[in-house]
Structures are given as structure tokens and as C-alpha cells.
Amino acid sequence: MKDYLVFSFKENKLLASLLASSLHAKLGRISLTHFSDGEMLVKSAVNVKDKDIIVIASTFKKAHEKLFALLLLLDSLNRAQVKSIQLFIPYFGYSRQERVSWTNEPISCEVVSKILETAQYDKLVSFDLHHPDIEKFFKRGIVNAMTTELFKDYYLNYIREHHLNINDVVVVSPDHGANHRADCLVKELKVHKIILDKVRSRPNQAEHLQLINGDVKGKTCIVIDDIIDTGGTLVSASKLLYKLGAKAVLAGASHAVFSNNCLKKLLRAKINDIVVCNTIEQRPSKYVKVLDISPLILKYID
Ligand code: R5P
């Protein structure tokens with residue numbers, strides 16, 4: 001076993017501790033200070049020469065600042081002559097801008113990938129990227145680790161505990177873009193898939209118009225998505241599903257951004273169960289269950 005040193009910014013402190021304890025590794029310390037004009041100075045606060053480094057860095061909330069801090073950290077580690085760097089970005093900021101949706105838009109996600117690839121690292125892993133096409137932006141490669149196995153175990157347990165008949169459970173893809181994710185879960189749970197038609201009149205404004213296929217009458221609907229941000233997608237999906245006779249709506253997503261009073265809206269929309277991963281650190285809450293991705297990270301460490 002290598003002698004790893006695990007670094008993280010404050011967004012992933014808990015996840016880094018869980019990982020370090022599974023690896024019997026030490027946690028590295030980052031020194032992040034600001035100059036009077038707001039510029040950052042980021043460096044390792046411990047000796048890293050000849051060490052095998054693991055960096056955990058979700059680029060969440062002001063993703064551009066987090067990205068820049070990460071680039072400075074990577075530069076500082078390389079200049080200090082580390083042996084290797086394995087970079088894990090559990091939540092990849094800007095990943096939702098992976099194509100042009102409206103006239104004159106940039107493909108921000110591709111811009112971020114190009115910037116990130118100017119840094120030196122040996123391996124890059126992210127989790128449940130918004131769309132599989134994003135992988136193509138990374139010329140040096142990115143591993144897109146799916147979280148399906150965590151959700152599979154969670155929902156099999158849920159179905160058992162709630163004495164549900166598996167034939168009365170469906171997995172719902174809240175839009176066409178989320179189809180591949182729903183497919184992964186459908187394969188594991190061996191249930192039917194329902195696809196919804198989602199339109200956006202502007203960013204962060206979702207509306208579900210109709211079911212593309214199937215029937216949800218009397219069914220427990222597991223809506224599976226990559227991100228819960230404002231909650232608009234889930235609220236609108238659950239409205240439609242209940243209107244069409246669903247018995248219950250459950251929500252699962254890898255990344256919990258939870259902006260704009262999202263949780264209140266989800267509870268008001270009668271979403272019976274909410275489960276997310278710790279790609280973004282969550283405050284403990286009785287309404288949200290959190291699945292730990294550190295066992296998944298372990299699988300990708302060389
Ligand atoms: C968009 O296509 C994503 O897959 C999510 O559905 C979306 O980002 C969720 O955002 P919100 O919770 O604001 O609807």
C-alpha cells in the first residue's frame with residue numbers, strides 16, 4: 001500500500017476524512033490566503049516531496065474560484081516534487097453547460113476542461129457527470145464514475161423496508177438527458193423506466209409537460225437525476241406524476257446543490273424520500289439521506 005496524503009478544500013472535508021481513514025492515510029493541509037486585492041495564494045502547508053497525493057476538490061459554489069484555487073494547489077504540489085497526483089472532482093461545476101441551448105452561448109464545460117488540462121496530474125476522476133458527452137472534452141481522459149451501485153443498494157433496501165411489490169415500482173428519468181442514468185438503475189433494480197418531457201423557458205425554470213411512455217397509476221416513482229439545484233425539476237416532475245395517479249414520488253440524485261429554499265419546495269411537493277451523495281458536503285438533516293461515495297473513490301485509487 002502506498003503512503004498517501006489526502007488533500008481537500010473545505011467543501012469536501014468530511015469526505016476526505018472518511019477516505020483517509022479507509023486508506024489509513026494522513027490528511028494534508030492547505031494554506032489558502034487572500035491578498036488585499038482578492039487574489040488567492042494556495043499551497044500545501046505540509047511537506048509533500050515524493051508523496052503520493054490524492055486531491056478531493058468539488059468545484060461547487062462559485063465554481064470558477066474553486067477551480068482556480070485547485071489549479072494553484074496542483075501547481076504548488078508539482079513544484080514541491082510530489083511523486084503522483086490523483087485528482088477527484090466529486091461535483092464538477094459548469095458541467096450543465098455542456099452544449100449550446102440558446103443562441104450565442106459558450107460551451108462553458110468544455111472551457112473548464114481545457115483549463116483543467118493545463119495542470120499536471122496523473123489521473124482525473126469525477127462522479128456522475130451531467131452528460132456522457134462531457135468525457136470527450138478531456139483530451140487526457142477523465143473517469144466518469146457512476147453512483148448507481150449506491151442508489152441500487154439504497155432502493156432495494158427501501159423496497160424491502162416498505163414492503164413494496166417490485167412490479168409497483170418504476171424509475172423515472174426527469175428528461176431525455178438523464179436517460180442514461182435511469183437506464184443504469186433500471187438494469188440493477190429490474191423495473192420499468194418512465195421518461196418525462198421537460199422544457200425550460202429559461203435557466204433554472206423547469207416544466208414537465210407529459211410522459212413520453214408508460215403508466216404511473218398506483219406506482220412508486222423513483223425520480224433519478226444528477227443534480228438537485230433549485231428543486232424545480234423535481235417539483236414539476238412530481239406534480240405531473242401525482243396528477244397521473246402515482247402513489248408516491250421518491251427522489252435520488254448524486255449532487256445536492258440545494259439552492260433557493262429547495263428543500264422546502266421538495267417537501268411541499270410531497271416528495272416522500274430524498275437521497276443524495278456526499279459529493280457536496282451536506283448538513284445532517286432528518287429529511288435528506290446521504291450516501292457516502294468514499295467506497296467508490298477507493299475503487300479508483302491506483
Ligand atoms: C438538468 O438538466 C439537470 O440534469 C438537473 O435536472 C437540473 O440541474 C436540476 O436543477 P433544478 O433542481 O434547479 O431543477
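For the tallies below, Ala, Val, Leu, Ile, Met, Phe, Trp, Tyr, Cys and Pro count as nonpolar, Asp, Glu, Lys and Arg as charged, and the others, Gly among them, as polar. The structure is a predicted model, in which local features need pLDDT of at least 70 and side-chain atom pairs count only at pLDDT 80 or more, while totals for chains, interfaces and linings use all residues. Residues are numbered from 1 along each chain as its sequence is written, and side-chain values use heavy atoms, with hydrogens and water left out.

One cavity of 30 Å³ or more is present, a cavity being a set of points on a 1 Å grid over the protein atoms alone where a 1.4 Å probe fits but cannot get out. The largest cavity has a volume of about 70 Å³, the volume being the space filled by probe spheres set on the points, which are joined across faces, edges and corners. Its lining, made of residues with an atom within 4 Å of a point, includes Thr148, Phe151, Arg181 and Leu185. The lining residues divide into five nonpolar, three polar and three charged. Two or more residues each come from H4, H5, E12 and strand E13 (248-256); helices (H or I, at least four residues) and strands (E, at least two) are DSSP runs numbered from the N terminus.

Helices H4 (residues 148-161) and H5 (residues 179-189) also pack against each other. Their axes, lines fitted to C-alpha atoms over the stretch in contact, come within 10 Å and cross at roughly 45 degrees, with angles running from 0 to 180 degrees between N-to-C directions. H4 is therefore oblique to H5, as angles under 35 degrees count as roughly parallel, over 145 as roughly antiparallel, 65 to 115 as roughly perpendicular and the rest as oblique. In the contact (heavy atoms within 4.5 Å), Thr148, Phe151, Lys152, Tyr155 and Leu156 of H4 meet Cys184, Leu185, Glu188 and Leu189 of H5. Six of these residues are nonpolar, one is polar and two are charged.

Open spaces complete the picture. A pocket is an open set of points with protein on both sides within 12 Å along at least five of seven lines. The largest pocket, of about 1200 Å³, is lined by 44 residues, with Arg96, Gln97, His130, Arg200 and Asn204 nearest its centre. Its lining comprises 14 nonpolar, 16 polar and 14 charged residues. The second largest pocket holds about 530 Å³ of space; among its 20 lining residues, Lys61, Val257, Glu281, Gln282 and Arg283 are the closest to its centre.
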